[in-house]
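Hi everyone, thanks for having me. Have a look at the picture on the screen, and I'll walk you through a few spots I liked.

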Amino acid sequence: MARTATAVWRITPEVVRALDEHLGLPVDSYVNGTQTWLVERDEPEVTLEWRLHPVAGYRPPAGLSHYDLWEQVVMQVATGGAPDSLVLGGEPRTLLSIWDGLECFVPFDDDLEPARLAQAVTDVLHLVPDAVGLVDHGRIGAAWEQANGTVSIVEMLLAELHT
């Protein structure tokens, strides 16, 4: 069982604003709602992968492309829009109906201790993670796929980090 150092934040408007301010546009947006960023670090010398995970049973906003989701949410949150009354693709949605939280880890088998990851991600995002530790991504990914996305990746990560 390979375990990877991972940091997790529950979704908040502050997390969205910090991602927008410090990481900008995602490098990839997925149909399942996931948004992804890659950040190269010099100290420690690693690549950090950031994933904004969709809620369990995610349903995309009607009439809105997954490529436009991030920008539409950011535009409203950054201008003071209430996270419980976003208008996405012409339908009212809440921030909590889109994403559960943010995960950051080292994707390329680089070995990084959780404490060093915690410091690196805090330096990048200027937000302390809600939890940091070692997780089994293989087990969590398999459980999510077996449940056809009807379970929360963030809740599984947090459960593993708190045991």
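So, which elements do the buried residues of H1 pack against? They pack against strands E1 (4-10), E3 (35-42) and E4 (45-54), helices H2 (66-78) and H3 (114-125), and also E7. Keep in mind that this is a predicted model.

H1 itself covers residues 13-22, and its buried residues are Pro-13, Val-15, Val-16, Ala-18 and Leu-19. In an α-helix there are 3.6 residues a turn, so residues three or four places apart point the same way. Just after H1 you'll find Gly-24, with a positive phi of about 75°.

Now for the nonpolar cores. The largest one has 37 residues, and Leu-19 is among those with the most contacts inside it, along with Trp-9, Leu-48, Trp-50, Val-73 and Trp-99. Elements giving two or more residues to this core include H1, E4, H2 and E7. Then there's a second, separate core of ten residues, including Val-8, Ala-131, Val-154 and Met-156.

My last stop is Glu-103, which sits in strand E7, residues 99-105. Glu-103 is buried, yet has no salt bridge. What is the nearest side chain of opposite charge? That's Arg-51, 5.8 Å away. What Glu-103 does have is a side-chain polar contact with His-53 at 2.6 Å, and another with the side chain of His-137 at 2.4 Å. Glu-103 also touches Thr-6, Trp-50 and Leu-157, among others.

How values were computed. Residues numbered from 1 in each chain as written. Predicted model: local features only at pLDDT ≥ 70, side-chain atom pairs only at ≥ 80, totals over all residues. Heavy atoms only, no water. Helix = DSSP H or I, 4+ residues; strand = E, 2+ residues; numbered from the N terminus. Buried < 20%, exposed > 50% of the residue type's maximum accessible area, 1.4 Å probe, protein only. Lys, Arg positive; Asp, Glu negative; His and termini not counted. Salt bridge = Lys/Arg side-chain N within 4 Å of Asp/Glu carboxyl O. Polar contact = N/O pair within 3.5 Å; in protein donor to acceptor, adjacent residues only side chain to side chain. Contact = heavy atoms within 4.5 Å. Core = buried A, V, L, I, M, F, W, Y, C linked by side-chain atoms within 4.5 Å.
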